[in-house]
Amino acid sequence: MKIIEIVQKHQPITGNDIADRLGCTKPTIRADLSLLTRSGILDAKPNVGYILNHKPADNPHDFSLFRAKVKDVKSPAVYVEEECSIHDAIVKIFLKDAGTIFVVNANGYLSGVVSRKDFLKSIMGNMNIHNVPVGVIMTRMPNIIHTHDEETVLQAAMKIMEHKIDSMPVVEEVGNNLYKITGRISKTTISKVFVEIGKNSGEWGVGSEE
Ligand code: ADP
């Protein structure tokens with residue numbers, strides 16, 4: 001974000017000048033500059049420097065990392081009630097082709113998350129998957145990492161990386177620690193956005209077969 005601010009104020013500006021203003025050396029920010037140009041946020045003009053790459057605001061494929069919001073890319077949530085058996089939750093995971101399943105309590109509020117490995121553990125531990133409800137094996141609130149519509153995809157991706165999880169429920173807060181699930185964001189979602197950014201970066205075709 002600091003690099004973008006600097007470029008916005010002083011463009012065109014060289015990589016060395018950006019580094020000077022940040023109080024570091026150019027190699028330190030090389031990876032950041034590369035990400036910002038590849039994602040289409042900055043343009044690198046040879047012998048001139050970096051400028052902000054203004055795309056039309058109404059571009060429907062504007063998947064810039066800093067603008068795309070969770071609400072633009074979320075997919076439908078897959079969830080079951082706490083009383084649902086482990087067996088039936090696994091069936092739902094297959095039917096909906098999901099990796100993680102969210103759990104809601106009797107009032108319909110988010111209460112937990114069950115991952116593929118949670119299911120595997122329950123089976124390896126010889127649990128009776130027909131009788132034991134998912135509520136017994138789920139990771140519970142308030143320890144559920146979640147996101148909301150207005151967060152950027154980048155912020156959501158950072159949470160997924162930081163907490164080493166595969167997916168997060170997208171929620172709407174309806175009371176103190178009470179959340180309604182409105183969708184999900186997974187590593188697959190983030191990969192799709194990454195591909196969109198790559199395709200729209202102006203370098204599509206470089207190094208690819210197409
Ligand atoms: P897997 O266990 O299949 O590798 P994850 O890495 O997503 O999948 O899950 C690791 C652990 O973190 C599991 O115990 C799971 O219940 C928990 N978990 C998954 N998603 C979340 C989340 N959004 N918030 C909190 N815990 C989660």
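Me: Among contacts in the protein chain between residues at least 6 apart in sequence, what percentage join residues at least 24 apart?
Reply: This is a predicted model, in which local features need pLDDT of at least 70 and side-chain atom pairs count only at pLDDT 80 or more, while totals for chains, interfaces and linings use all residues. Residues are numbered from 1 along each chain as its sequence is written, and side-chain values use heavy atoms, with hydrogens and water left out. Contact means heavy atoms within 4.5 Å. Among the contacts between residues at least 6 apart in sequence, the share joining residues at least 24 apart is 54%.

Me: How many helices and strands does the secondary structure of the protein chain come to?
Reply: Both kinds of element are DSSP runs numbered from the N terminus, with helices being H or I of at least four residues and strands being E of at least two. On that basis the protein chain has eight helices and eight strands.

Me: What percentage of the residues of the protein chain count as buried?
Reply: Buried means under 20% relative accessible area, exposed means over 50%, and partly exposed lies in between, with a 1.4 Å probe and protein chains only. The protein chain has 210 residues, and the buried share is 38%.

Me: At what angle do helix α1 and helix α2 pack?
Reply: Helix α1 covers residues 2–10 and helix α2 covers residues 15–22, with their axes 10 Å apart. Axes are lines fitted to C-alpha atoms, for helices over the stretch in contact, and angles run from 0 to 180 degrees between N-to-C directions. The angle for α1 and α2 is about 115°.

Me: Which residues in α2 do the residues of α1 meet?
Reply: The α1 side of the contact consists of Lys2, Ile3, Ile6, Val7 and His10. On the α2 side are Ile18, Arg21 and Leu22.

Me: Where is Pro12 found, and is the peptide bond from Gln11 to Pro12 cis or trans?
Reply: Pro12 is in the loop between α1 and α2. The bond from Gln11 to Pro12 has omega near -10°, and is cis.

Me: How many disulfides does a search of the whole structure find?
Reply: A disulfide is a pair of cysteine sulfur atoms within 2.5 Å. As for individual cysteines, Cys24 is partly exposed at 24% relative accessible area, and Cys84 is buried at 17%. The number of disulfides found is zero.

Me: Which parts of the chain does the pair of Glu150 and Lys69 link?
Reply: A salt bridge is a side-chain nitrogen of Lys or Arg within 4 Å of a carboxyl oxygen of Asp or Glu, and Glu150 and Lys69 form one at 3.1 Å, N to O. The two residues are 81 apart: Glu150 is in the loop between β6 and α7, and Lys69 is in the loop between β2 (49–52) and α4 (70–73).

Me: Which residues are linked with Glu150 in a network of salt bridges?
Reply: Glu150 is partly exposed at 41% relative accessibility, and Lys69 is partly exposed at 25%. The residues linked with Glu150 in the network are Lys69 and Lys71.

Me: Is Glu151 buried or exposed?
Reply: Glu151 forms a salt bridge with Lys159, the closest N and O atoms being 3.1 Å apart. Lys159 is partly exposed, with a relative accessible area of 22%. At 11% relative accessibility, Glu151 counts as buried.

Me: How far apart in space are Ala68 and Glu151, C-alpha to C-alpha?
Reply: Ala68 is in the loop between β2 and α4, and is buried at 2% relative accessibility. Ala68 and Glu151 are 83 residues apart in sequence, and their separation in space is 8.7 Å.

Me: Leaving aside neighbours within four places in sequence, which residues is Ile144 in contact with?
Reply: Ile144 lies in the loop between β6 (139–140) and α7 (153–162). The relative accessible area of Ile144 is 6%, so this residue is buried. With neighbours within four places left aside, the contacts of Ile144 are Leu110, Gly112, Val113, Thr139 and Pro169.

Me: What is the phi of Asn47?
Reply: Asn47 lies in the loop between β1 (42–45) and β2, and is exposed at 86% relative accessible area. Asn47 is not a glycine, yet its phi is positive, at about 65°.
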